Amino acid sequence: MSSVPKTADDFNLEAAFRDSHVADVLDQLDSELVGLAPVKTRIRDICALLLVDTVRRQAGLSTEALSLHMSFTGNPGTGKTTVALRMAEILYRLGYVRKGHMVAVTRDDLVGQYIGHTAPKTREVLKRAMGGVLFIDEAYYLYRPENERDYGQEAIEILLQEMENHRDDLVVILAGYEDRMDRFFRSNPGMSSRIAHHIAFPDYTAAELLAIADLMLDQMQYQLSADARTALEEYIERRQALPHFANARSIRNALDRARLRQASRLFAKRAASLARNDLMTIEAADIKASRVFAETPPTARQGELHS
Ligand SMILES: Nc1ncnc2c1ncn2[C@@H]1O[C@H](COP(=O)(O)OP(=O)(O)OP(=O)(O)O)[C@@H](O)[C@H]1O
Ligand SMILES: [Mg+2]
């Protein structure tokens, strides 16, 4: 191709990677987020795509603006919001968006109650999100076919337009449950066709949830006693079986309550000389006092032990 002025050796992907400082964010993603292997792989793929695009531009090759709008599907507490924040940072470091901030909204932030209110609301949100990521949680609530005159449709149309017009400076991420999102995309082919990347967030395994607990405790400078660890394993098994289980979010809530019980326990004793270790350690009783143990039958493993 005569329009390509340089030889292949002049284009340095490694240098583009280094200059972007995106490696830090990717390393953090690996070390600070447990599991999520398929999600991490997809993010690396998107990084590769953007880096190659940068180098293609240096090589004078065609660089049609990439469409990077995404959908993040998964159950509550699987890390969608957390990963979206990292994604905003990555897109910023790779020079895809100017600012790298994230604006998180739901239907109520976009759709008005009265005629004429929706367009200004949606446009205001889009203006705030420009240069970064617009994260729309439970995006399917925008579409309510059962209401004959639903203003959600108006918001969707404005979003579609702006997603196309500002595709080089705005990334829209639609998040929610997988089945409802599938239905939403089937009813809104226009939206579906603008979403280039569909990323599914799997539920965490019990082992991953325990690792997430360890990570969270470590970040808060707490630790589990050996018995507390066993209690937490059992807690996780029981909690997973209860309604409204919300993956990592349920773990965070359980740890918050355990900290509360630990504090009450220490306070009740009013010890005059506490060891640093006492202040850090969650004991089995701090976990076992949870209503989850009262509300569920013993787990299979417990049953075996006692039979
Ligand atoms: N893989 C993980 N490793 C460590 N912590 C995690 C992981 N996934 C989620 N968390 C933590 O769990 C909590 C819930 O995560 P997040 O809010 O990102 O989930 P979500 O999918 O957006 O949930 P929702 O659907 O309820 O909004 C956060 O405190 C987050 O830091
Ligand atoms: Mg969320």
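**Figure 1. Helices α2 and α4 cross in a left-handed manner in this predicted model.** The axes of α2 and α4 come within 9 Å and cross at roughly 160°. An angle over 145 degrees counts as roughly antiparallel, so α2 is roughly antiparallel to α4. On the α2 side, the contact is made by Val22, Asp24, Val25, Leu26, Gln28, Leu29 and Glu32. On the α4 side, the contact is made by Arg86, Glu89, Ile90 and Arg93. Sorted by class, the residues of this contact are 5 nonpolar, 1 polar and 5 charged.

**Figure 2. Helix α3 covers residues 37-58.** From the first C-alpha of α3 to the last, the helix reaches 32 Å. This is close to the 32 Å expected for its 22 residues at 1.5 Å a residue. The buried residues in α3 are Val39, Lys40, Ile43, Ile46, Cys47, Leu50, Leu51, Asp53 and Val55. Gly60, which follows α3, has a positive phi near 75°.

**Figure 3. Helix α7 runs from residue 152 to residue 165.** With 14 residues at 1.5 Å each, α7 should span 20 Å, and the distance between its end C-alpha atoms, 20 Å, agrees with this. Buried positions in α7 are Gly152, Ala155, Ile156, Ile158, Leu159, Leu160, Glu162 and Met163. Among the helices, the buried residues of α7 pack against α5 (107-110), α6 (118-129), α8 (178-187) and α9 (189-194). Among the strands, the buried residues of α7 pack against β3 (133-137) and β4 (171-176).

**Figure 4. Helices α10 and α11 cross in a right-handed manner.** Helix α10 holds residues 206-219 and helix α11 holds residues 226-241. Their axes come within 10 Å and cross at roughly 130°. Helix α10 contributes Ala206, Leu209, Leu210, Ala213 and Asp214 to the contact. Helix α11 contributes Arg229, Leu232, Glu233, Ile236 and Gln240. By class, the contact of α10 with α11 consists of 6 nonpolar, 1 polar and 3 charged residues.

Conventions:
Residues numbered from 1 in each chain as written. Chains lettered and ligands numbered in written order. Predicted model: local features only at pLDDT ≥ 70, side-chain atom pairs only at ≥ 80, totals over all residues. Heavy atoms only, no water. Helix = DSSP H or I, 4+ residues; strand = E, 2+ residues; numbered from the N terminus. Expected span 1.5 Å × (residues − 1). Buried < 20%, exposed > 50% of the residue type's maximum accessible area, 1.4 Å probe, protein only. Contact = heavy atoms within 4.5 Å. Axes fitted to C-alpha atoms, helices over the stretch in contact; angles between N-to-C directions. Left-handed = near helix turned anticlockwise from the far one by under 90°. Nonpolar A, V, L, I, M, F, W, Y, C, P; charged D, E, K, R; others polar. Parallel < 35°, antiparallel > 145°, perpendicular 65-115°, else oblique.
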